[in-house]
Amino acid sequence: MRILILGSGGREHALAWKIRQNPDVSALFIAPGNGGTASEGENIPLADSDIPAVMAFIKEKKIDFVIPGPELPLVKGIADACTAAGIPCFGPDKYAAQLEGSKSFSKNIMRESGVPTADFAVFTTADEAKAYIRNHGAPVVVKADGLAAGKGVVVAKTVTEALEAVDDMMGKKAFGAAGETVVIEDALVGEEVSFLCICEDETVIPLPSAQDHKAAYDGDTGPNTGGMGAYSPAPILPETAYDGMADLVIRPILRTLKKRGHPFRGILYAGLMITKDGPMVLEYNVRFGDPECQPLLMRLEGDLLAVMKACTEGRLDSVTLSHKPETAICVVIAAEGYPGAYDTGMAISGLDTAEKVSPGKVKVFQAGTAVAEGKLVAKGGRILGVTALGATLRDAQKTAYDAAALVTMEKSRYRKDIGDKALR
């Protein structure tokens with residue numbers, strides 16, 4: 001089989017690494033890929049969101065199966081284009097991808113489906129949004145409606161902060177067109193957890209729970225990022241609760257989309273807040289999370305590509321997934337300054353040494369990297385995801401941090417507390 005993976009992050013390196021394990025894969029292309037994916041297959045200098053160029057490549061290279069990593073190609077309709085060309089694609093159509101592409105679409109679907117979520121209002125003018133904030137009070141969460149790379153969300157503790165967020169999004173266009181509409185919702189108090197399921201029509205296979213660490217600095221302080229680390233499973237959502245959670249927050253959405261003529265297939269990822277009143281959905285994503293994908297795939301046993309194929313062929317109900325009993329943790333090494341301005345071009349070394357800390361139990365997935373003149377260098381904000389398995393979370397955590405300490409790169413940093421919440 002000839003496989004095309006779209007994307008360039010740590011998630012795409014993890015997907016390439018896992019897909020490459022299938023003996024039927026004769027060629028693996030990653031567009032545009034990174035320094036790590038280059039060792040799993042062939043990087044192709046194509047923008048993953050350039051649907052016409054991607055489709056031309058698919059035709060030219062006789063691609064048999066397409067796996068979109070990030071959300072943008074799905075929101076732009078890569079699955080629809082593949083369907084029209086008769087090529088299987090693991091992901092939802094453009095309509096269903098609005099679950100991630102539009103916060104207002106997603107919140108309205110939740111409301112229609114009866115899924116528990118924070119109360120909200122949608123605004124297309126700054127004046128109306130500000131009037132609502134002044135009347136409603138704080139804390140509130142202000143969200144850019146469109147895609148903002150995980151950064152278009154401000155948890156405003158005061159009215160002033162909320163008004164400033166509206167100014168940034170709608171006035172200063174901090175997130176471009178994504179902020180032309182904003183969603184303002186009640187702030188929820190609790191602990192976050194990621195619940196990902198492989199879905200096809202109304203068939204659901206839950207993946208193990210995971211917990212992401214969005215804030216830039218230790219103690220969940222600083223601005224939101226794309227994710228500074230993750231671990232799986234998350235004790236706050238034990239395996240015994242997966243089926244009930246799927247009934248509460250996944251299947252109702254699948255039924256609503258089917259009723260609207262757009263049955264879902266691919267990954268449906270519910271970002272949950274576990275509150276004193278029970279679980280509430282913060283948002284939906286329509287792809288593997290990054291960095292949650294890395295620990296999930298470290299734990300996954302068996303053939304991921306076979307499961308993806310079954311999903312696209314309407315026979316997901318015929319497959320099962322199994323996972324290693326160990327815990328996995330991913331520690332993201334980022335550039336100093338991220339998610340603000342940061343330097344690039346720093347030389348990276350020590351990855352082989354890091355993976356030898358516990359052979360077969362450590363994998364350094366690459367994200368913002370490139371190979372320049374034969375050397376690995378940094379080219380993004382989130383650069384590496386040091387991922388480790390351990391008998392317990394504490395074991396996995398120690399192994400991951402021991403390995404991360406052996407990576408050499410100037411002007412970089414990582415959080416020192418990934419997994420501490422679960423240990424507490």
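Which backbone oxygen does the side chain of Lys-107 reach? The side chain of Lys-107 comes to 2.9 Å from the backbone oxygen of Ala-118. This is a predicted model, in which local features need pLDDT of at least 70, side-chain atom pairs count only at pLDDT 80 or more, and totals for chains, interfaces and linings use all residues. Residues are numbered from 1 along each chain as its sequence is written, and side-chain values use heavy atoms, with hydrogens and water left out.

**Lys-107**
- Lys-107 belongs to helix 6, residues 103-113 (helices are DSSP runs of H or I with at least four residues, numbered from the N terminus).
- With a relative accessible area of 2%, Lys-107 is buried (under 20% relative accessible area, 1.4 Å probe, protein chains only).
- Leaving aside residues up to four places away in sequence, Lys-107 touches Thr-117, Ala-118, Phe-120, Val-183 and Glu-185 (contact means heavy atoms within 4.5 Å).

**Helices 9 and 10**
- The axes of helix 9 (residues 242-249) and helix 10 (residues 251-259) come within 4 Å and cross at roughly 35 degrees (axes are lines fitted to C-alpha atoms over the stretch in contact, and angles run from 0 to 180 degrees between N-to-C directions).
- Helix 9 contributes Asp-243, Ala-246, Asp-247, Leu-248 and Val-249 to the contact, and helix 10 contributes Arg-251, Pro-252 and Ile-253.
- Five nonpolar, no polar and three charged residues make up this contact by class (Ala, Val, Leu, Ile, Met, Phe, Trp, Tyr, Cys and Pro count as nonpolar, Asp, Glu, Lys and Arg as charged, and the others, Gly among them, as polar).

Note on methods: Helices (H or I, at least four residues) and strands (E, at least two) are DSSP runs, numbered from the N terminus. Buried means under 20% relative accessible area, exposed over 50%, partly exposed in between (1.4 Å probe, protein chains only). A polar contact is a pair of N or O atoms within 3.5 Å; within protein, one must be able to donate a hydrogen and the other to accept it, and residues adjacent in sequence count only if both atoms are side-chain atoms.
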